[in-house]
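Subject: A structure for you to explore

Hi,

Here is the structure I promised to hand over. Have a look at it first, and then read on for what I found.

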Amino acid sequence: MIAKTESPEADGPLYPAYFPLYDPLEKVEEVGRFEHDEPGHRADPAKPHLLKGATNVFDISPHCGTEIHGVEIAELSQEGLDEMALLCAERGCLVFRNQKFVDIGFEAQKKIASHFGPLHKHGWMPHPQGGPVEFVIVYDSKDDLRIRKSWARKSPIQFHVDQSPEAQPPGLTFFAMLESPPGAGGDTIISHMGRAFERLSPSFRKRLEGLRAIHTTANPIMREIRDNGNLAVLRRPITKSTHPVVTVHPVTKQKALFVNSSYTQSIVGWDEEESEYLLKFLFDHINRGQDFCCRVRYEPGTVVVWDQRVTQHSQTLDYAPGARRHAFRLTPLANVPIPSMVEEDDGECAKDEGRMMLNLC
Ligand SMILES: [Fe+2]
């Protein structure tokens, strides 16, 4: 199936099959509990199946993001997809350009994404008209200003994990750009939560390990109702889960901060003021993390994959209002978050760069 139109209307979307549907009466079932089979465990650490055709591979920033040229996601073998999971876990996100993946149609796209886990069904974001409910459509255009409206009185810079309130939140996630605004704008900023955690002082890190936090979709659902009234899309009830504040990646074993300003509500067992104080510090720490994030600029056909267990991301709504930005997301669910526990005398203090040199540890 080729979803791209042969002769687009002068002003219409290039991919009309991916036009968003907002149905206020639609309902979807949650995926429910499942046994997660982590593809990264099966991967060859040298990644020969992923990188054999690569013409250029380079890091976008030291701590987050690698761009890969010459590799078609749509042509990867099962082994290549396993290796993609491992490299994505190691680097946080991977960027592929000019991908056939955007043109292979709904079912083939779903099949590739499903390699990484059962696909999430979103509670309020649109899916394609006549297309599967597992697709999330991002469509910002002069003929659809819902996204602009939802951010009208709030900073659009909001680092988050997509759907962290799920009992088994997403792992590797696909974001595919169909049309991007002319010129610059509409980048995604992706920030590495492993590095965000490492940047904290050793004793502070130990205080965070073992804590748990409540994640809920209540606030975004309330915003959907506020912005769209009777036309609000409410496919699922509020989702709520309790997750560790610091998690461990199932393959790399890297520890990562797992609280985000979109969905994390409070620290379990702490008074409201204490909880707000800590979460505000952590959200500010993530927002300031210019030295552990990367910024991805899009072109039509760019596909970005990120591992939500070690990253958070934010949109940038910096392009001209009315310019069209059209993308889709497929969001495989993964493991129950693994809590990071305090290790006895793990030598972290001695290893801490900078502090050791300054004898401040
Ligand atoms: Fe997101």
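Which residues does His-160 touch, not counting residues up to four places away in sequence? They are Asn-260, Ser-261, Ser-262, Tyr-263 and Gln-312. Two residues are in contact here if their C-beta atoms, placed from the backbone, lie within 7 Å.

Before going further, please note that this is a predicted model: local features need pLDDT of at least 70, side-chain atom pairs count only at pLDDT 80 or more, and totals for chains, interfaces and linings use all residues. Residues are numbered from 1 along each chain as its sequence is written.

**The loop with His-160**

His-160 lies in the loop between α4 and β7. Helices (H or I, at least four residues) and strands (E, at least two) are DSSP runs, numbered from the N terminus. His-160 has 18 other C-beta atoms within 10 Å, so it is partly exposed. On that scale, a residue is buried with 20 or more other C-beta atoms within 10 Å of its own, exposed with 12 or fewer, and partly exposed in between. The C-alpha atoms of His-160 and Lys-240 are separated by 16 Å, and these two residues are 80 apart along the chain.

**Two residues with positive phi**

Gln-163 is also found in the loop between α4 (146-150) and β7 (172-179). Its phi is positive, about 60°, although it is not a glycine. Gln-163 is buried because 25 other C-beta atoms lie within 10 Å.

Lys-253, in the loop between β11 (246-248) and β12 (255-257), has a positive phi of about 65° and is not a glycine either. Lys-253 counts as exposed, because it has 10 C-beta neighbours inside 10 Å.

**The nonpolar core**

In soluble globular proteins, nonpolar side chains tend to be buried together. A nonpolar core is a set of buried Ala, Val, Leu, Ile, Met, Phe, Trp, Tyr and Cys residues joined through C-beta atoms within 7 Å. The largest one here has 69 residues, and Cys-88, Ala-176 and Val-305 touch the most other members. Helix α2 (residues 78-91) gives the most to this core, with 7 residues. Leaving aside neighbours within four places in sequence, the contacts of Cys-88 include Leu-172, Val-305 and Trp-306.

**The whole protein**

The secondary structure comes to 9 helices and 18 strands. Of the 361 residues, 41% count as buried. Among contacts between residues at least 6 apart in sequence, 83% join residues at least 24 apart.

Happy exploring!
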